[in-house]
Amino acid sequence: MPQINDNYLKLKAGYLFPEIGRRVTAFCQENPTAKVIRLGIGDVTEPLPPAIIDAMHKAVDEMARRETFRGYGPEQGYDFLRNAIVEHDFKARGCDIAADEVFVSDGSKCDTGNILDIFGLKNTVAMQDPVYPVYVDTNVMAGRTGAADAQGRYEGLTYLPCTAENDFTPSLPTKPVDLIYLCYPNNPTGAVATRETLTKWVDYAKQTGAVILFDAAYEAFITDPSLPHSIYEIPGARDVAIEFRSFSKNAGFTGTRCAFTVVPKTVMAKTADGAQQAIHPIWNRRHTTKFNGVSYIVQRGAEAVYSPAGKQQCADLVKFYLENAQILQHGLESVGISVYGGVNAPYIWLKTPDNKTSWDFFDYLLKNAHLVGTPGSGFGASGEGYFRLSAFNSRANVEEAVVRIKTLLGRLIA
Ligand code: MLT
């Protein structure tokens with residue numbers, strides 16, 4: 001009989017979003033007439049922009065003809081997409097990134113988990129708290145932690161608390177760490193990093209030899225022109241940072257699946273005997289062995305994100321979701337709730353009213369307003385007492401949600 005990877009048994013019962021789904025399904029079964037509005041998981045609702053659909057239709061037609069049919073593509077992504085990414089996402093912002101440093105994949109969730117394959121188990125890891133649960137859980141699965149304590153903090157991880165008291169901006173770790181996850185604009189708090197904040201992290205990594213795992217899946221939601229979209233806008237970052245980007249939220253690809261990870265050739269780690277080792281060839285080896293590339297049709301769709309029409313249509317999509325965020329923010333503030341995020345991010349992070357715990361507020365909102373959000377404590381111990389609402393929904397649902405919030409919470413707070 002084989003032995004299971006016991007590290008999986010250390011994980012808390014369910015991944016956050018399936019657990020929410022389970023509670024919502026149970027509620028809907030008991031209340032079949034309730035019109036539940038889901039502002040929980042950050043899943044897009046609006047259709048793919050027409051420029052993307054056109055490009056994918058053309059690609060489908062190419063697949064139908066012998067002369068233009070494609071089989072396996074390059075595992076790292078087609079040149080047409082890698083070149084477009086470099087041109088528009090990096091060169092246009094003054095970042096020195098080459099096309100062969102871009103690895104196209106089927107999602108940032110996968111990549112932020114998979115990247116751990118290439119790092120030794122003895123590495124120490126720091127992350128923001130609250131945090132996207134995938135960073136924590138994949139480290140637990142890999143065996144880099146002990147057990148969780150009562151608040152769900154795993155032994156061996158360095159948590160960097162982000163609360164209203166520190167403006168959701170974490171301090172540098174007080175003891176040395178090898179890997180640091182940073183997510184900006186932040187999921188779940190909606191906080192952003194200024195150029196100064198990112199410079200502080202890049203300088204820290206340069207001084208200590210740490211590598212930053214920078215998740216920029218929400219960069220398209222940055223509205224403030226002074227804020228950096230990529231960590232590579234910071235001098236020196238290409239020596240110390242890996243960046244994760246996604247088409248899920250800016251272009252509506254959550255179901256279509258396409259993302260990319262940037263691994264500059266200048267990011268170094270060390271071998272067991274202390275020699276310097278570039279990360280790029282190791283990640284290339286991992287990616288080409290365990291992954292067979294994103295489909296041609298989807299990559300043509302992703303390329304169209306960078307066409308003039310695609311750029312405009314994706315910008316409109318992002319604007320639409322940000323308007324939703326503003327509607328939610330104003331609605332919550334009008335009944336006296338403290339609200340964060342939502343300006344440069346599609347998430348609203350709110351302080352639960354009446355000192356409710358995050359899960360109590362989840363149940364309260366579901367039962368009394370038929371609204372689903374995400375309990376802050378599900379993102380980490382420092383998220384307790386907070387709650388996340390996603391702006392990814394139709395306008396009608398967001399407006400209806402605000403009416404229900406005002407009715408219910410206006411009464412609670414009054
Ligand atoms: C979220 O709700 O945090 C995101 O949808 C999760 C994800 O993108 O995987």
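**View 1. Proline 375 sits across from phenylalanine 387 of β15.** This pair belongs to β14 and β15, which run antiparallel and are joined by 2 bridges. Two strands count as paired here if DSSP finds at least two bridges between them. Helices (H or I, at least four residues) and strands (E, at least two) are DSSP runs, numbered from the N terminus. A word on what you're looking at: this is a predicted model, where local features need pLDDT of at least 70, side-chain atom pairs count only at pLDDT 80 or more, and totals for chains, interfaces and linings use all residues. Residue numbers start from 1 along each chain as its sequence is written.

**View 2. The open sheet has 4 strands in the order β11-β12-β15-β14, with antiparallel pairing.** At the edges are β11 (339-341) and β14 (374-375), each pairing on one side only. Helix α9 packs on this sheet and touches β11, β12 and β15, with its direction at about 15° to that of β12. Contact means that the C-beta atoms of two residues, placed from the backbone, lie within 7 Å. Strands of a sheet pair through backbone hydrogen bonds, either parallel or antiparallel.

**View 3. Strands β12 (residues 347-351) and β15 (residues 386-390) pair in the antiparallel sense over 5 bridges.** Look for tryptophan 349 opposite arginine 388 in β15, and for isoleucine 348 with its bridge partner in β15, leucine 389. All told, 5 of the 5 residues of β15 are buried, so β15 is largely enclosed by the rest of the structure. Both faces are covered: Tyr386, Arg388 and Ser390 are buried on one side, Phe387 and Leu389 on the other. As for the terms, a residue is buried if 20 or more other C-beta atoms lie within 10 Å of its own, exposed if 12 or fewer, and partly exposed in between, with C-beta atoms placed from the backbone.

**View 4. Helix α2 (residues 50-63) packs against helix α9 (residues 308-334) at an angle of about 135°, their axes 8 Å apart.** That makes α2 and α9 oblique to each other. Pro50, Ala51 and Ile52 of α2 meet Ala309, Gly310 and Gln313 of α9. By class, this contact has 4 nonpolar, 2 polar and no charged residues. The axes are lines fitted to C-alpha atoms, for helices over the stretch in contact, and angles run from 0 to 180 degrees between N-to-C directions. Angles under 35 degrees count as roughly parallel, over 145 as roughly antiparallel, 65 to 115 as roughly perpendicular and the rest as oblique. Ala, Val, Leu, Ile, Met, Phe, Trp, Tyr, Cys and Pro count as nonpolar, Asp, Glu, Lys and Arg as charged, and the others, Gly among them, as polar.

**View 5. Two cis peptide bonds: tyrosine 184 to proline 185, with omega near -10°, and asparagine 187 to proline 188, with omega about 15°.** Proline 185 is in the loop between β5 (179-183) and α6 (195-208), and proline 188 lies in the loop between β5 and α6 too. Most residues other than glycine have a negative phi, and most peptide bonds are trans.

**View 6. Arginine 257 has a positive phi of about 75° without being a glycine.** Find arginine 257 in the loop between β7 (241-246) and β8 (259-262). Arginine 257 is partly exposed, with 17 other C-beta atoms within 10 Å.
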